[in-house]
Amino acid sequence: METTQIKNYLKDNGTTQRWLATQLGISPSYLCLILNKDRNKPKWFDYKMRGILKSKIKELSWQVRHLPNL
């Protein structure tokens with residue numbers, strides 16, 4: 001997964017880099033370095049990102065299904 005895709009996802013979904021760093025188990029500053037391409041992504045990075053994004057999508061779809069009818 002490209003870092004620009006990750007940045008766009010975070011921006012489009014109102015998700016913070018701090019939240020993502022917590023989910024990945026790394027510091028926010030290390031995530032920032034990875035996203036700015038100042039550090040190479042670790043081998044496990046893309047695998048964990050896919051898992052996090054899948055769970056986030058499931059969470060969002062559950063929230064949409066349970067919105068109150070107005």
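From the N terminus on, the elements of the protein follow the order α-α-α-α, and the secondary structure amounts to 4 helices and 0 strands. Helices (H or I, at least four residues) and strands (E, at least two) are taken as DSSP runs, numbered from the N terminus. The structure is a predicted model, in which local features need pLDDT of at least 70 and side-chain atom pairs count only at pLDDT 80 or more, whereas totals for chains, interfaces and linings use all residues. Residues are numbered from 1 along each chain as its sequence is written, and side-chain values use heavy atoms, with hydrogens and water left out.

The mean pLDDT (the predictor's confidence in each residue, from 0 to 100) is 89 for the protein, and 99% of its residues reach 70 or more. Among the elements, the highest mean, 96, belongs to helix α3 (residues 28-35), and the lowest, 84, to helix α4 (residues 45-65).

Along the principal axes, the C-alpha atoms fill a box of roughly 45 × 20 × 20 Å. Of the 70 residues, 24% count as buried, where buried means under 20% relative accessible area, exposed over 50% and partly exposed in between (1.4 Å probe, protein chains only). Contacts are defined by heavy atoms within 4.5 Å; among those between residues at least 6 apart in sequence, 50% join residues at least 24 apart.

The largest nonpolar core contains 13 residues, of which I6, L20, L24, I26, L31, F45 and M49 touch the most other members. Helices α1 (3-13), α2 (17-24), α3 and α4 each give two or more residues to this core, and the largest share, 4 residues, comes from α4. Such a core is a set of buried Ala, Val, Leu, Ile, Met, Phe, Trp, Tyr and Cys residues joined through side-chain atoms within 4.5 Å. Leaving aside residues up to four places away in sequence, M49 touches M1, I6, L20 and L24.

L33 lies in helix α3 and, at 29% relative accessibility, counts as partly exposed. With residues up to four places away in sequence again not counted, L33 touches D38 and R39. The C-alpha atoms of L33 and S61 are separated by 31 Å, the two residues being 28 apart along the chain.

The protein exposes about 5,400 Å², 53% of which is supplied by carbon and sulfur atoms; accessible areas come from the Shrake-Rupley method with a 1.4 Å probe, and for residues only the protein chains shown count as cover.
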